[in-house]
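Please read these notes with the model open beside you. They are numbered so that each point can be checked on its own.

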Amino acid sequence: MKQNLLLQLHPMTKFYFSLFILGMVLIMPGYIFAFTIFPVLVLIAILAGVTKEFLNIVLKALLSVLIIVFIMQMLFYPGENVLWEWGIFKIKQEGLNYGLLLTSRILAIGSAFILFFRITEVRDFVKSLEDKGLPPMGAYVVLSTLQIIPEMRRQANTIMEAQKTRGVETEGSLLVRAKAFIPTLTPLILSSIAGTEERAITLESRAFSAPVKKTSLHQLTKNTADRILPIIYLLILIGLLVWRFFL
C-alpha cells in the first residue's frame, strides 16, 4: 500500500507549517489573503485523505465562533461610515472590514491547527517535543491534556450505550438527551478519576519519576523534506516581513 507523503512528514515539520500559516496571516494586510488560506488547507486535507474529518471539525468548532465574532464587530466596532441603522444597532463600514479581517484570521489560523492535529498523531507530536528538549514530565502533561477530551468522549459514549441497553431513552429531543446525559456524569467522573490513578500507578511502575535518563521504543526520523521545508517557511516569512515593512 502506497504511503501518504504528507502523513509521513515529521511532526515538527507539520507544526512549523501551522506556525508558518499563523505568521503569514498576521503579516499580510487585509482579509482577502487570509480567506484564500482556507481553500489551500482544504486541498492539503484532500491530499492527506482527511477531508471529511477536517471539514467536520472546522464546522463544529469554528463556524459558530466566526458568526458571533463577525456580528459583534459589525454592529459595535467604532466608525463613521454607517451602512445600515436600526435603533441602537448600526452597521458601519469600519466594523464590516474589521469583522472580515478578524474572522478571516481566526478561520485560517484555527483551520491550520485543526489540520495539524488531523494529520499528526498526538503521541508523535509529544515525542517530537520531547526530542526537542521538553522534560518527560512536561511531555506527559501535554499528552494527557490533548487526550483528556477524546478519552472522556469515548467513556461517555460507552456509558450512554450501556444506558441504552438498560432501556434508557438516549435519543430524541434535546430535553430527552439532557435527561439521559445527566445520570452519566457520576460514572464518567468516577471512571476518569480511576483512570488517572491507574495511569499514575503504571508510570511509577516504569520508574517514570526516577532521576535517570529516559529511553523510548518509539523513535521519529527526519527525511530530506523535513530538513528543507522549515528553511523555506522561514525564508518566505522573512521575505514577507521585508516586503511589508520596508518595501
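Which residues are buried in α5?

1. The answer is Val122, Asp124, Phe125, Val126, Lys127, Ser128 and Leu129. Helix α5 is mostly covered, with seven of its 10 residues buried. Here buried means under 20% relative accessible area, exposed means over 50%, and partly exposed is in between (1.4 Å probe, protein chains only). Helices (H or I, at least four residues) and strands (E, at least two) are DSSP runs, numbered from the N terminus. Just after α5, Gly133 takes a positive phi of about 120°.

2. On the source: this is a predicted model, in which local features need pLDDT of at least 70, side-chain atom pairs count only at pLDDT 80 or more, and totals for chains, interfaces and linings use all residues. Residues are numbered from 1 along each chain as its sequence is written, and side-chain values use heavy atoms, with hydrogens and water left out.

3. The chain as a whole has nine helices and two strands. From the N terminus on, the order of its elements is α-α-α-β-β-α-α-α-α-α-α. Of the 247 residues in the chain, 30% are buried. The accessible surface of the chain is about 16,300 Å², and 68% of that belongs to carbon and sulfur atoms; such areas come from the Shrake-Rupley method with a 1.4 Å probe, and for residues only the protein chains shown count as cover. Take the contacts between residues at least 6 apart in sequence: 67% of them join residues at least 24 apart. Contact means heavy atoms within 4.5 Å.

4. Asp124 is in helix α5. Asp124 counts as buried because its relative accessible area is 18%. Not counting residues up to four places away in sequence, Asp124 touches Pro11, His218 and Leu220. Asp124 and Leu220 are 96 residues apart in sequence, yet their C-alpha atoms are 7.5 Å apart in space.

5. Leaving aside neighbours within four places in sequence, His10 is in contact with Ser128, Leu220, Thr221, Lys222 and Asp226. His10 has a relative accessible area of 6%, so His10 is buried.

6. Thr120 lies in the loop between α4 and α5. Thr120 is buried too, at a relative accessible area of 6%. With neighbours within four places in sequence left aside, its contacts are Pro11, Lys14 and Phe125. From Thr120 to Phe15 the separation is 105 residues in sequence and 8.9 Å in space, C-alpha to C-alpha.

7. Where does Thr120 stand in the largest pocket? Of the 31 residues that line this pocket, the closest to its centre are Phe117, Arg118, Thr120, Glu121 and Val122. The pocket holds about 1,000 Å³ of space. On a 1 Å grid over the protein atoms alone, a pocket is an open set of points where a 1.4 Å probe fits, with protein on both sides within 12 Å along at least five of seven lines; lining residues have an atom within 4 Å of a point. Grid points are joined across faces, edges and corners, and the volume is the space filled by probe spheres set on the points.

8. Helices α1, α3, α4 (93–119), α5 (122–131) and α6 (136–165) each supply at least two residues of that lining. The most comes from α6, with seven residues. By type, the lining has 14 nonpolar, eight polar and nine charged residues. Ala, Val, Leu, Ile, Met, Phe, Trp, Tyr, Cys and Pro count as nonpolar, Asp, Glu, Lys and Arg as charged, and the others, Gly among them, as polar.

9. Ser18 is found in helix α1 (residues 11–27). Ser18 is buried, with a relative accessible area of 1%. Apart from neighbours within four places in sequence, Ser18 is in contact with Ala112, Phe113 and Phe116. Ser18 and Phe116 are 98 residues apart in sequence and 6.8 Å apart in space, C-alpha to C-alpha.

10. For contrast, Lys90 in strand β2 (residues 89–92) is partly exposed, at 30% relative accessibility. Lys90 touches Met74, Leu75, Val82, Trp84 and Glu85, not counting residues up to four places away in sequence.
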